[in-house]
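This report covers the ligand surroundings, the nonpolar core and selected secondary-structure elements of one model. The sequence and structure are shown first.

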Amino acid sequence: MNKSLFKISPGFEDIMPAEYRELVEHGPYEKGFGVSDLGTFKELIEEHPLCAGCGLALSLRMILASLPKPEDTIIVGSTGCSSIAFPQVALHNIHSLFGNQNALASGLKRALKLRFPDKIKDVVVIAGDGATADIGLDMVMQSWFRRENITTIMLDNEAYANTGGQESGMSPQGTILNMAPTGKKFPKISLPEIAREAGCAYAAAVSPAHPKRLEKAVRRAILLAREIGPTYIQVFSPCPTNYKFKPHETIARIKQREKDGTFSIKEYISPEAQEWLAQIEEVKK
Ligand SMILES: Cc1ncc(C[n+]2csc(CCOP(=O)(O)OP(=O)(O)O)c2C)c(N)n1
Ligand code: SF4
Ligand SMILES: [Mg+2]
């Protein structure tokens, strides 16, 4: 990463917390780094405010390590648990009003195309399931209908976690949460299928239990958004606090859901996107 893009303002070096200084010093994502290199560079401050065992924090680390060009990536976030992690990353990010994230990202991408016509600037939305599938769904889908060149990543913890545990459209049927005591009455929304029908060139469902699959999906989605059209990934990121399981059980929880068939990895690639991917992935071999 070009350090001139991410540095501490002169005069503030001594007062910034040591961990933050370390993030600037060791945060650079070197060319070619990926999820297998996690731990050899710093992408997120260890003392971030997300709960112990939070699936979102794990997914976020893997997403950040998978970005094809972090120095030219702008993340657009929305209100929710993930938004409290964004001030702790070594990356450009913008916080949007809850639910507005895809509208903001569309405008930003268009402005960046005009401002930097010869440069690639990746605009990636990373928001919760409430922001993506419920309250922001209108703006999410309109950005897909308009074929905006942005990637939308949903951190799916199957709840409104940040506000204490309401059911979301992504909670499975029957889910009981603090503020859904009688159990959810309708099934989980199938957003990858909706994304496909709404015009996404690529739609996938992945989880941090399979880091390489997650990395591949993030890279494909971002590269395809540059050339072909909108792309969507949903990352299953269980929440120990609201679903009341132990922090060390997060990955086991995903594997259990894979086993009982209530979560599976998905990938849809449009014919045009498939053709383009075949060319670039062939060149890479
Ligand atoms: C316009 C607006 N409506 C509602 C809220 C309240 N609110 C804040 S976070 C949140 C839920 C977030 O759920 P989700 O997007 O799934 O993120 P999570 O906290 O689960 O990561 C809500 C409803 C808000 N901040 N702004
Ligand atoms: S409430 Fe859940 S999603 Fe939010 S930080 Fe805690 S574990 Fe993560
Ligand atoms: Mg959520």
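Predicted model: local features only at pLDDT ≥ 70, side-chain atom pairs only at ≥ 80, totals over all residues.

A residue is called buried here if 20 or more other C-beta atoms lie within 10 Å of its own.

## Helix H2

By this criterion, 12 of the 12 residues of H2 are buried, so the helix is largely enclosed by the rest of the structure. The buried residues include Gly-55, Leu-56, Arg-61 and Ser-66. H2 spans residues 55–66. From the first C-alpha to the last, the helix reaches 17 Å, close to the 16 Å expected at 1.5 Å a residue.

Which elements do the buried residues of H2 pack against? Three are strands, namely E3 (122–128), E4 (151–156) and E6 (231–236). The others are helix H7 (211–227) and helix H9 (250–259).

## Strand E1 and its partners

Strand E1 covers residues 73–77; four of its five residues are buried, so this strand too is largely enclosed by the rest of the structure. E1 pairs with E3 in the parallel sense over five bridges, and Val-76 has Val-125 of E3 as its bridge partner.

E1 also pairs with strand E2 (residues 92–95), again in the parallel sense, over four bridges. Here the bridge partner of Ile-74 is His-92 in E2.

## Nonpolar core

In soluble globular proteins, nonpolar side chains tend to be buried together. The largest nonpolar core in this model has 69 residues, and Tyr-202, Ala-221 and Ile-233 touch the most other members.

Apart from neighbours within four places in sequence, Tyr-202 is in contact with Arg-220, Ala-221, Leu-224, Thr-231, Tyr-268, Ile-269 and Ala-273.

The shell around ligand 1 has 20 residues, of which Gly-80, Phe-98, Gly-128, Gly-130 and Asn-162 come nearest. Helix H4 (residues 129–135) supplies the largest share of this shell, three residues. By class, the shell holds nine nonpolar residues, 10 polar ones and one charged.

Ligand 2 has around it Leu-50, Cys-51, Cys-54, Leu-56, Cys-81, Asn-157, Ala-161, Asn-162, Cys-239, Pro-240, Thr-241 and Asn-242. Helix H8 (residues 240–243) gives the most to this shell, with three residues.

How do the residues of the shell around ligand 2 divide into nonpolar, polar and charged? Eight are nonpolar, four are polar and none is charged. Asn-162 is listed around ligand 2 and is also among the residues that come nearest to ligand 1. Leu-56, likewise around ligand 2, is one of the buried residues of H2.

How values were computed:
Residues numbered from 1 in each chain as written. Chains lettered and ligands numbered in written order. Near = placed C-beta within 6 Å. Helix = DSSP H or I, 4+ residues; strand = E, 2+ residues; numbered from the N terminus. Nonpolar A, V, L, I, M, F, W, Y, C, P; charged D, E, K, R; others polar. Core = buried A, V, L, I, M, F, W, Y, C linked by C-beta atoms within 7 Å. Contact = placed C-beta atoms within 7 Å. Expected span 1.5 Å × (residues − 1). Pairing = 2+ DSSP bridges.
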